Amino acid sequence: MSDAPQSIEALRALLLKAAVPTVVSLLWRKGFRNTFMFGPKPLNPNAVKFAGPAFTVRTIPVREDLVEAQNAGGRPNLQAKSVADIAAGQVLAVAMDGETRTAFMGDIMTTHLMVKGCAGIVLDGGVSDAAAISTIDLPLFCAGNAATPVTSHRFVIDLNVPVGIAGVPVLPGDFLMGDANGVVAIPAHLVGEIAQAAAEREILEEFVVGKVRAGAPLAGTYPPNEATLAEYALWRKSRGD
C-alpha cells in the first residue's frame with residue numbers, strides 16, 4: 001500500500017469513492033467494533049454522501065438557570081458559536097442523547113451551513129421543519145422532527161470535545177462519513193489508512209461483481225482466492241491503474 005494521503009481534501013476524495021459498509025468492515029477488522037450509527041437517517045435522499053472531520057457539539061438536558069444566564073449574556077451562546085466557527089469541509093456533529101422532542105436547527109441554519117461549505121450534519125436528535133430541510137442540497141442525518149427550540153429540552157454546554165452520537169464515540173477531528181447506508185465514525189489516526197484501503201476495496205469489489213454478473217461461481221470469486229486475485233491484478237494493469 002502506498003503512503004496514505006494527508007490532506008483533508010485528498011482523504012475526503014478517497015472516502016467519497018467508497019461505501020459506508022466497506023469502511024465499517026475495514027474498521028471491524030482492525031478491532032473497532034462500535035463505529036456505525038444506528039438511528040440517524042438522511043432527510044434528503046438526493047444528498048447523502050459526505051465525508052469530513054467532525055466539529056463536535058455537546059448538549060445536556062436543559063436547566064433553566066443556564067438558559068437564563070445565556071439569555072442575559074452571562075454565558076456564551078454555543079449553539080450560535082458552533083455555526084460561526086465550523087469551517088468549510090467539516091461535519092457538524094451534535095450529540096443530543098437521542099432527544100427528538102426538540103430541534104437543534106431548522107432550514108435557515110441548514111441553508112447557511114450549506115452556503116458556508118459544511119460537508120454534512122449528523123445529530124442523534126431532532127430538527128425543525130424536516131420537510132423544508134429535505135429539499136436542501138446538504139447531507140443531514142437526524143433522528144426526528146420537532147418544532148420546539150433546542151432549549152426546550154437540551155442545552156449546548158461545550159464545543160469540540162469528545163461526544164457520543166447514537167452510541168458511537170466521536171472525538172474532534174475524527175472523520176464522519178455518510179451515504180445512503182448510514183454514518184460511520186473513523187478515528188482520526190486511522191483515516192489515511194482506512195481511506196486508501198476503502199478506495200482499493202471498492203475497485204476490487206467492482207471487479208468481483210463483474211465476474212459474478214458474468215456467471216462466475218461465488219466460491220473462489222468472493223472472497224477472492226489466489227487465482228481471482230491474479231486475474232484482478234491483470235485487470236487493474238489493463239486499466240492503467
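User: Before we start, what does "buried" mean here?
Analyst: Buried means under 20% relative accessible area, and exposed means over 50%, with partly exposed in between. The model is a predicted one.

User: Fine. Is Arg-12 buried or exposed?
Analyst: Arg-12 has 17% relative accessibility, so it counts as buried.

User: What does the side chain of Arg-12 meet?
Analyst: It meets the side chain of Glu-9 in a salt bridge, 3.2 Å from N to O.

User: How many salt bridges does the structure hold?
Analyst: The structure holds 12. One of them pairs Lys-211 with Glu-231, with the closest N and O atoms 3.1 Å apart. That pair links distant parts of the chain, as Lys-211 is in helix α7 and Glu-231 is in helix α8 (residues 226-239).

User: And are those two buried or partly exposed?
Analyst: Lys-211 is buried at 19%, while Glu-231 counts as partly exposed at 36% relative accessibility. There is also one network, in which salt bridges with shared partners join Glu-200, Glu-206, Arg-236, Arg-239 and Asp-241.

User: Switching topic. Which residues touch the most other members of the largest nonpolar core?
Analyst: Leu-92, Phe-104, Leu-113, Ile-121 and Leu-123 do, out of 24 residues in that core. Elements that each supply at least two of its residues include β3 (50-61), α4 (78-85) and β9 (154-159).

User: What does Leu-92 touch?
Analyst: Leaving out residues up to four places away in sequence, its contacts include Phe-55, Val-57, Phe-104, Leu-113 and Ile-121.

User: What lies apart from that core?
Analyst: Another core of 21 residues, among them Leu-11, Val-23, Val-24 and Ile-194.

Terms used. Residues are numbered from 1 along each chain as its sequence is written. This is a predicted model: local features need pLDDT of at least 70, side-chain atom pairs count only at pLDDT 80 or more; totals for chains, interfaces and linings use all residues. Side-chain values use heavy atoms; hydrogens and water are left out. A nonpolar core is a set of buried Ala, Val, Leu, Ile, Met, Phe, Trp, Tyr and Cys residues joined through side-chain atoms within 4.5 Å. Buried means under 20% relative accessible area, exposed over 50%, partly exposed in between (1.4 Å probe, protein chains only). Helices (H or I, at least four residues) and strands (E, at least two) are DSSP runs, numbered from the N terminus. Contact means heavy atoms within 4.5 Å. A salt bridge is a side-chain nitrogen of Lys or Arg within 4 Å of a carboxyl oxygen of Asp or Glu.
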